[in-house]
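Visitor: I would like to learn how to read the main features of a protein model. Could you take me through them one at a time?

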Amino acid sequence: MDKTKKMRNRDDAPVIRIHDLAVAYKVRGGEIEAVQNVSFDIYRGETQGIVGESGCGKSTVAWAIVNFLGANGYVKRGSIKFMGQDLVGKKGEDLRRLRGDQIAMVYQDPMQALNPSMRLGDQLKEVLTVHRGLSESKASKHCIEMLERVYMPDAANVMNRYPHQISGGQQQRVVIAMALLNNPALLIMDEPTTALDVTVEAAVLDLIAELRRDFDTAIMYISHNLGVVARVSTRVGVMYAGEMVERATVEEIYKNPQHPYTQGLIRCVPKLGSDKSSSILYPIRGRVPPPDNRPSGCIFAPRCDYVQELCREDRPRLRQIPSGSWVACHFTEEIDPDQWEPPEDLVLPDISVREGNGKAVLEVKGLKKYYQVPGSSLKDVLGLKKPSLVKAVEDATFSVPKGKTLGIVGESGCGKSTLVKTIIGLEDSTAGEATFLGFDITKDLSARDQQLIKELQMVFQNPDSTMNPSFTVGQQIARPMHLFKTVPKKQVRQEVIKLLRAMRLGANYYDRIPRQLSGGEKQRVGIARALASHPEVVLCDEPVSALDVSVQAAILNLLLEVQSEFGTTLLFIAHDLSVVRYFSDYVAVMYLGQIVEIGPAEAIYKPPYHPYTEALLSAVPIPDPSAKQKHIRLEGTVPSSMNPPQGCRFHTRCPRREMLADPEICLTLPPWRDVSGDHRIFCHHSLETLSQFDPVITTT
Amino acid sequence: MLVKDCMTRHPTLISTNTPLTEAQRIMVENKIRHLPVAGSGKRLLGLVTRQRLAFKPEFLASLNVWEITRYLSSMTVKDVMLKANHVHTTEPEQTVERAAKIMTDKKIGCLPVLEDGVIIGILTEIDLLLSYQVMLGLPFSGVRVTIRMPDRLGELAKITKVLGDNQLGVVSIGAYPTPRKDGFYDAVLKIPRVDQERIRQLLSQIEGQEIVELRVDE
């Protein structure tokens, strides 16, 4: 039926038509135009993806549609037509009715859309009883059907639960079900999967694509993730600094990007399908201009590699080019992305395989970390019952040679962070051995020598919460130098400035305080602080997951450069498998506290795979609509680590379990299978079986 | 095919207090001829069609320019709409042919599709004509053949057997009693990925049947 649908779609009237939209916020001393020159149409059964970095006005457009701009925001120019009716200036009862009956929204955090003090069933039913006036029993029946439609296990039972009793992925499903209950013509989704794990995200994205087909809903899908947008959208609009700079079908955007910004964005996302050497990331230089200080010419001119005089003087309008794409660029016909050369001042890290001296810096053997959970019954309080344990890390064994990087991947709650915290000494270990440069590091931090602490440093995910907001950047970086006395007092300032330069920040950052920095700059300061004591090993806990793609590329390159300069060993935690591949020499895949596969980065991404690695890889959204990916979706949720499955911890969700001759064998611990050299897989399947799996991703 | 498979989902809706001039503009701009009028929760309250907006010229002739403007601007959808109890409707599980029969019997151009009194779509002449094209395989290219067969059991099976034996399939099929000739049926088939001559050769072997018409339809 796809073909027959195409026959008519574009002749019809669009569900929503946005023309030359400009949104302004009134602030002290004038007003700021947050969004300018945005135009697009969405037709029935289409998904318009909107991509761009943070702060470029994606969400503002969505808010303008439903008039959620706040007291100081208003639509300054242009029109928003929903089903032929102008939405700008509509208010009161009319707007309320439209929002309730025909437009629905799904936001990033499901917990903010659900009322924590009401049962899910009551919240869902409310939509139908209030808007449609259905009876209680009829509404309830409808809601259960809809929950089943979004693949909620045990739907009837979920109706009686409270939001906190279901997992994050399930909460998002409830929110999507709620949004669809009224059969809206337009569904606005603002980063609906950003807070979810890759495996859950993949399932939710499948669901969105399916619902669009079944309900003929027009979807506006906002995301910063190019891979996610490639998977769900039919058309894509790229936004930069409040303007739409390119608009085309999803195939055109990825295969044939026209605007220099789109080309730049695609160059700074790691690609999973290709081999490692082709996955060098090229960050876009400079940063997004603040809305009150945008250039008068082309907004992208200060960062563009093809900038010419005309670009600085005249702002290009969105125009259609022969291929059908709409581009806001004066010279798009003359730009050939294949001819692009990285600018000379861009320092690229060397990602070829480095020869280390092979001596292990960090060795971990059978490391365990259990947490005691205090119960609440009387027996627990009196200490008569054995306390229950959360087995956060079970039998971790690996070693990292000097100057190499070990990437650790896995879903949230699989013990990645606990493992790192145990190594750095924020937690003491329960059992097992861990040695660093020959010293035992299984004990708590207080038992460690100053010298040992100096050699192990950490970079955290969120630089905001790890920096003292009232200390200047210089003071923060100097602190470890003072503490560990690595630098004579008089030279500290020089040394800090040297570090800042190495982070490409410059001496003028010395006296700034954290709130004057952007997210990427803060993370650079975080890295500088970790490096200040010249540590042997730096542990990075998701250092780039909160950052925009172009900043992420710059930070990753910086870390690699630091590594090759100082010979630092890195432990790198990430949930994004494509980032890890680019970055690491070795990769460990964790599931529920257990390392299930470990080996050289290249080997992990090729068969033989552990079935869990295979599932993870097939869930990663790839920014290339032509890439073919195996469709494996894990069922159910990660079991509680308080009561992990017996034997192979993955067996309850393993898609390859049926292939075993005797499925009961899963209840015993699987053996470690040595593939080659350092590559080991923790699985009951024999290596022959595992090698027979097809590669997950094939690019054409 | 059921109504839910070929109706237009999410039709443009207006409310009773929409000015008539606005309703007229929405129709013209979006090239639509029917506007269901909806109340709270998308309940059907009425229907506005282009005919409902056509005023008698002799009536307007009795007014001068200023009076016409005032008269038109004071009118809302509520004043001209066909009230819900006079609107013929259908439901998503109805068959297309039944829905089409309502439309031909009553000589009307559209049927709002209701589920529990809530508008979930609209079925117009255009939707029916589109589904007609789909049912006869227009979106697909292939050989379009009309075969005349005697009205008895097992005749269609002969065709499908010949096609099946030769690794061919059909994308659409339609059959009807031969006009002006009793005791015969005509079947229209569309067969993809094959050339005209091969079909002629294969189907002319079938005894008792004749190829009435054969053409390649891209």
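**Reading the two chains**

Guide: Chain B contains nine helices and ten strands. Helices (H or I, at least four residues) and strands (E, at least two) are DSSP runs, numbered from the N terminus. This is a predicted model, in which local features need pLDDT of at least 70 and side-chain atom pairs count only at pLDDT 80 or more, while totals for chains, interfaces and linings use all residues. Residues are numbered from 1 along each chain as its sequence is written, chains are lettered from A and ligands numbered from 1 in the order in which they are written, and side-chain values use heavy atoms, with hydrogens and water left out.

Visitor: What radius of gyration does chain B have, and what would a compact globule of 218 residues have?

Guide: The radius is taken over C-alpha atoms, and the globule rule is 2.2 Å times the number of residues to the power 0.38. A compact globule of 218 residues would come out near 17 Å, but chain B has 24 Å. The C-alpha trace of chain B spans about 75 × 40 × 35 Å along its principal axes.

Visitor: How does chain A read on these terms?

Guide: Chain A has 25 helices and 26 strands. Its radius of gyration is 27 Å, close to the 27 Å from the globule rule for 700 residues, so chain A is as compact as a globular protein of that length. Its C-alpha trace spans about 70 × 65 × 50 Å along the principal axes.

Visitor: What percentage of the residues is buried in chain A, and what percentage in chain B?

Guide: Buried means under 20% relative accessible area, exposed over 50%, and partly exposed in between (1.4 Å probe, protein chains only). Of the 700 residues in chain A, 56% are buried; of the 218 residues in chain B, 42% are buried. Contacts can be read chain by chain too, a contact being heavy atoms within 4.5 Å. Among contacts with a separation of 6 or more, residues 24 or more positions apart account for 67% in chain A and 63% in chain B.

**Cores and a buried helix**

Visitor: Which residues touch the most other members of the largest nonpolar core?

Guide: In soluble globular proteins, nonpolar side chains tend to be buried together. A nonpolar core here is a set of buried Ala, Val, Leu, Ile, Met, Phe, Trp, Tyr and Cys residues joined through side-chain atoms within 4.5 Å. The largest has 98 residues, and A:Ile477 and A:Phe572 touch the most other members. Helix H21 (residues 549-566) of chain A gives the most to this core, with eight residues. Leaving aside neighbours within four places in sequence, the contacts of A:Ile477 include A:Val496, A:Leu499, A:Val525 and A:Ala532. Apart from this core lies another, of 39 residues, among them A:Ala179, A:Leu196, A:Phe215 and A:Val228.

Visitor: Why is helix H24 (residues 611-619) of chain A called largely enclosed?

Guide: Nine of the nine residues of helix H24 are buried, so the helix is largely enclosed by the rest of the structure. The buried residues of H24(A) include A:Tyr612, A:Glu614 and A:Leu617.

Visitor: What does A:Glu333 touch?

Guide: Not counting residues up to four places away in sequence, A:Glu333 touches A:Arg319 and A:Ile321. A:Glu333 and A:Ile321 are twelve residues apart in sequence and 8.3 Å apart in space, C-alpha to C-alpha. A:Glu333 sits in the loop between strand E12 (326-327) and strand E13 (360-373) of chain A, and is exposed, with a relative accessible area of 52%.
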